Amino acid sequence: MVGSTHIKVCGLTKVEDGLLALELGADYLGVIRYDGSARMATEAQARLLSNSFPVGKRVCVDVAPSIKELEHHGDLGFDHFQIHFKLDVPLETIAAWSEIVGKENLWLAPHFPPDQDFPKALLPYADTFVIDTYKKGQVGGTGETGDWTGFANLMASYPDTRFILAGGLSPDNIREAVRQSGARVVDVNSGVEASPGIKDHDKLRGFFAALG
Ligand SMILES: O=C(O)c1ccccc1NCC(=O)[C@H](O)[C@H](O)COP(=O)(O)O
């Protein structure tokens, strides 16, 4: 945490990048297990990262995993499970994800356009929602900024739910993003990368410094 902002650094594939993020004050470290991502950690990398990072801070990120895949992510030792998905996924599937990992550990990242209301039917299944920038045809990790005032309105509408601001955050815009959105938890990935899956240590330092 820096000031009153909690921070997740996502898309890690190297232990040293995660350890630097922790040293700087990261609250959560994200490892992507989706095979459509340029930042996907292999099974061996995911196991190493999970074993190297503190309990309670390890987040496994995937896109609409099967039940078997989600159970396997749990076996790798992750604490929280961030699932990106399109709204055509049946509520029964979402209920099953919630049952498997626990509502308190499920971070739902629904893919919905800015002109559509937040899908409140999802609220019973997770305590935490990641609001990532919508881009047609891409489920998560767009690297583009979203609607920060819309995020502030969402938080005001559902005060008992934890929302995480994601999408295109960087050392250059994080201060303004937090000011406009009121976000208490932020998620950064491509904005602090040297290349997909590899963090740029100067950018990482710059991101945390900007919040200080
Ligand atoms: O980053 C990806 O490649 C990705 C692919 C599919 C689903 C999620 C993905 N990333 C999630 C994240 O890294 C973050 O949670 C978040 O979306 C922020 O990403 P960025 O806009 O790059 O900061």
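Where in the protein is the place of Ala-64? The place of Ala-64 is in the loop between β3 and α3 (67-75). The legends below describe a predicted model.

**Figure 1. Overview of the protein, a predicted model with seven helices and 10 strands.** The radius of gyration is 16 Å, close to the 17 Å that the globule rule gives for 212 residues, so the protein is as compact as a globular protein of that length. Along the principal axes, the C-alpha atoms fill a box of roughly 45 × 40 × 30 Å. Buried residues make up 42% of the 212 residues. Taking contacts between residues at least 6 apart in sequence, 57% join residues at least 24 apart. The average pLDDT is 96, and 100% of the residues score at least 70. The model has an ipTM of 0.97 and a pTM of 0.97.

**Figure 2. The loop between β3 and α3, with Ala-64.** Ala-64 is not a glycine, yet its phi is positive, about 35°. Ala-64 has 18 C-beta neighbours inside 10 Å and therefore counts as partly exposed; a buried residue would need 20 or more. Strand β3 (58-63), on one side of this loop, also supplies at least two residues of the shell around the ligand.

**Figure 3. The shell of residues around the ligand.** There are 27 residues around the ligand. Those that come nearest are Ser-37, Gly-140, Gly-141, Asn-189 and Ser-190. Three strands, β2 (28-32), β3 (58-63) and β8 (185-188), each supply at least two residues of the shell. Sorted by class, the shell has 11 nonpolar, 13 polar and three charged residues.

**Figure 4. Helix α6 (residues 174-181) and its two faces.** The buried residues of α6 are Ile-174, Ala-177, Val-178 and Ser-181. Seen down the helix axis, these buried residues fall within an arc of 95°, so they line one face of α6. The cover over them includes α5 (148-157), β7 (162-166), β8 and α7 (201-211). On the face turned away from the buried side, α6 carries the exposed residues Glu-176 and Arg-179. Gly-182 follows the helix and has a positive phi, near 70°.

**Figure 5. Asp-172, in the loop between β7 and α6.** Asp-172 has 13 other C-beta atoms within 10 Å and is therefore partly exposed. Asp-172 and Phe-207 are 35 residues apart in sequence, and their C-alpha atoms are 7.7 Å apart in space.

**Figure 6. Leu-20, in helix α1 (residues 15-24).** With 17 other C-beta atoms within 10 Å, Leu-20 is partly exposed. Leaving aside residues up to four places away in sequence, Leu-20 touches His-201 and Leu-204. Pro-159 is 139 residues from Leu-20 in sequence, and the two are 32 Å apart in space, C-alpha to C-alpha.

Technical notes. Residues numbered from 1 in each chain as written. Predicted model: local features only at pLDDT ≥ 70, side-chain atom pairs only at ≥ 80, totals over all residues. pLDDT = per-residue confidence, 0-100. Helix = DSSP H or I, 4+ residues; strand = E, 2+ residues; numbered from the N terminus. Buried ≥ 20, exposed ≤ 12 C-beta atoms within 10 Å, placed from the backbone. Contact = placed C-beta atoms within 7 Å. Near = placed C-beta within 6 Å. Nonpolar A, V, L, I, M, F, W, Y, C, P; charged D, E, K, R; others polar. Arc of directions from axis to C-beta. Rg over C-alpha atoms; globule rule 2.2 N^0.38 Å.
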